[in-house]
Amino acid sequence: MSGWGAALERYGLLFMRVYLGGFNFISGLNYYAHLTHQPIPADAAGRAFMESTMALGLFQLAKAVELTAGFLLLTNINVPFALVLLFPVTTNVFVMNVFSSPLLHVKASGARNFLFHLLLIAGYGRYYLPLIRPFAPARPIWRKDAP
Amino acid sequence: MGGLRPYDVIPASIATVVVIVALVMQLRRKDAGPLAIVALVILWIRMDFGAHTLVSGADYFLHIFPPPAIDTSPAGPFVREMTRIGMYDLIKVVEVVAGAMIVANVFTPLALVMEFPITVSIFWLSVVVVGTGRPVFTGWRELAFNAVLLAAYAGYYLPMLDLRARQKPLWVRA
């Protein structure tokens, strides 16, 4: 890869990691620290879904995941794990924002974060390659030859 | 805990048959060493968990068995709203795909990770939200089986747990 290509790859992935990490960290922190008002979906279906998750405690759990994974991404600690941890939340937000919200900027936000997340997974993709081994025999944590 | 349901009986039956076949094959091998009890237990759990996930996902689309009485459950409104925005369909697709992968032992480590968020949700709704009767058993079983299998395939996750991981793009050769 040329010098420009390598720089684009490196700093592009860095930008997306910090952006996605910062976005989720602030989103999670805001819920617990009440920095600003909690965004509420503009559509009735999205609002009802959010209220049902809040009533069951799942929204609070998702915010804790955002806070933790966002912090890990921002500080570059255990990034491949953080991306896996955050993926269900990103997917949920993507489905809600893109297919349910009537607001264009909300649709764009959900799509952008999902795209950044996918690109970051590809950017750290070699850490996940052992997971896609067909017919993998068990490698238990309690066995010394596990790795 | 209530009576046995197809979601429980079918996966357990499949798992038991597979383990019996594996056991017979193990005993018939001339160079058979000591009986690999732990491996057979892991095989049973993998088949039961995978088949349960597959049956649960497939039944949502095929309507083979009577649906669970979700309307009377405290989790009912959540499931209803999830269905309305299309999230429940996506979850059931993941269940079908991950369940089939686990049963067929194709990319099992990946399938276990794919299924884990669903497992946590089931555990949360069954044990924390409902908290009584049969769902408590179902929730704990789901979490225990997924956790045991993640531990059984832990060797594949170790590279992913690198604290100071650097970029390693798929498009760059190692």
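**Entry 1: the interface**

I looked for salt bridges across the interface of chain B and chain A and found zero. The rule I used asks for a side-chain nitrogen of Lys or Arg within 4 Å of a carboxyl oxygen of Asp or Glu. This is a predicted model, in which local features need pLDDT of at least 70 and side-chain atom pairs count only at pLDDT 80 or more, while totals for chains, interfaces and linings use all residues. Residues are numbered from 1 along each chain as its sequence is written, chains are lettered from A and ligands numbered from 1 in written order, and side-chain values use heavy atoms, without hydrogens and water.

Next I searched the interface for polar contacts. I got 21 residue pairs, both residues at pLDDT 80 or more. Such a pair has N or O atoms within 3.5 Å; within protein, one must be able to donate a hydrogen and the other to accept it, and residues adjacent in sequence count only if both atoms are side-chain atoms.

Which helices of chain B each supply at least two residues of the side that touches chain A? I noted helix 2 (37-62), helix 3 (76-84), helix 4 (87-104), helix 5 (108-130) and helix 6. Helices here are DSSP runs (H or I, at least four residues), numbered from the N terminus. Helix 5 of chain B gives the largest share of that side, eight residues. By class, I count 38 nonpolar, three polar and seven charged residues there.

The contact (heavy atoms within 4.5 Å) takes 48 residues from chain B and 52 residues from chain A. Together the two chains bury about 4,500 Å², with 69% of it on carbon and sulfur atoms. That area is the accessible area (1.4 Å probe) lost on putting the two parts together, summed over both.

**Entry 2: salt bridges in the whole structure**

I then searched all chains and found five salt bridges.

In chain B, Asp8(B) meets Arg134(B) at 2.0 Å, N to O. Asp8(B) lies in helix 1 (residues 6-28) and Arg134(B) in helix 6 (residues 134-152), so the pair ties together parts 126 residues apart in sequence. Arg141(B) also forms a salt bridge with Asp8(B), at 2.8 Å between the closest N and O atoms. Salt bridges with shared partners join Asp8(B), Arg134(B) and Arg141(B) into one network. Are Arg141(B) and Asp8(B) buried or exposed? Both are buried, meaning under 20% relative accessible area (1.4 Å probe, protein chains only).

Lys63(A) is buried at 7%, and Glu66(A) is buried at 6%.

Definitions and conventions. Buried means under 20% relative accessible area, exposed over 50%, partly exposed in between (1.4 Å probe, protein chains only). Ala, Val, Leu, Ile, Met, Phe, Trp, Tyr, Cys and Pro count as nonpolar, Asp, Glu, Lys and Arg as charged, and the others, Gly among them, as polar.
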